[in-house]
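Have a look at the structure first, then we'll go pair by pair.

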Amino acid sequence: MAELQQPQVQEAVDSMVKSLERENIRKMQGLMFRCSTACCEESQASMQQVHQCIEHCHAPLAQAQAPVTSELEKFQDRLARCTMYCNDKAKDSIDAGSKELHVKQQQETCVTKCVDDHMNLIPTMTRKMKESLSSIGETAVC
């Protein structure tokens with residue numbers, strides 16, 4: 001990916017992840033810790049029951065990580081495939097005898113389009129992940 005666009009994509013993805021963490025993950029972490037505390041305060045429970053209770057409290061947060069990780073991996077894979085397509089196209093053009101400067105410009109235009117297209121996917125991806133986290137968070141009851 002072009003050197004100038006990589007920080008732009010990274011910043012947008014970082015911003016999305018920070019937003020998810022602030023607005024969704026922290027709430028789930030708070031519920032998890034409060035739930036775990038309640039498990040530990042159950043004086044009549046056996047050690048195994050407390051451990052199972054705590055595991056139950058941690059499950060929604062662990063479950064929430066899967067869709068976030070999956071969406072981020074899909075995004076990265078799609079962007080990488082798009083960039084690889086641009087590189088392959090450039091190689092084919094050079095092999096066909098096109099001028100290197102012209103091919104480099106075409107490649108940069110292609111990569112820029114990949115980046116722009118994928119930057120436009122971030123809001124939809126964010127909404128999808130927030131919906132997924134919200135639905136998991138709603139089921140997280142101690």
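How many disulfides does the count come to? The answer is four, counting a pair of cysteine sulfur atoms as a disulfide when they sit within 2.5 Å. Keep in mind that this is a predicted model. As a reminder, a disulfide is a covalent bond between the sulfur atoms of two cysteines.

**Overall pairing**

- Number the bonded cysteines of the protein chain in sequence order and you get the pattern 1-4, 2-3, 5-8, 6-7.
- Cys40 sits this out: it is in no disulfide, and the nearest cysteine sulfur belongs to Cys39, 6.5 Å away.
- That 6.5 Å gap is why Cys40 isn't paired, because a disulfide needs the two sulfur atoms within 2.5 Å.
- Cys40 counts as exposed because its relative accessibility is 51%, and the cut-off for exposed is over 50%.

**Linking helix α1 to helix α2**

- Cys35 and Cys57 are joined by a disulfide, with 1.9 Å from S to S.
- This pair links distant parts of the chain, with Cys35 in helix α1 (residues 5–40) and Cys57 in helix α2 (residues 47–95), 22 residues apart.
- The torsion about the S-S bond of Cys35 and Cys57 is about -65 degrees, so this disulfide is left-handed.
- Cys35 and Cys57 are both buried.

**Linking helix α2 to helix α3: Cys82 and Cys114**

- The sulfur atoms of Cys82 and Cys114 are 1.9 Å apart and form a disulfide.
- Here, too, distant parts of the chain are linked: Cys82 is in helix α2 and Cys114 is in helix α3 (residues 100–139), 32 residues apart.
- With a torsion of about -80 degrees about the S-S bond, the Cys82 and Cys114 disulfide is left-handed.

**Linking helix α2 to helix α3: Cys86 and Cys110**

- Cys86 is joined to Cys110 by a disulfide, 2.0 Å from S to S.
- Cys86 lies in helix α2 and Cys110 in helix α3, so the pair ties together parts that are 24 residues apart in sequence.
- The Cys86 and Cys110 disulfide is left-handed, because the torsion about its S-S bond is about -75 degrees.
- Cys86 is buried, and Cys110 is too.

Terms used. Residues numbered from 1 in each chain as written. Predicted model: local features only at pLDDT ≥ 70, side-chain atom pairs only at ≥ 80, totals over all residues. Heavy atoms only, no water. Helix = DSSP H or I, 4+ residues; strand = E, 2+ residues; numbered from the N terminus. Buried < 20%, exposed > 50% of the residue type's maximum accessible area, 1.4 Å probe, protein only.
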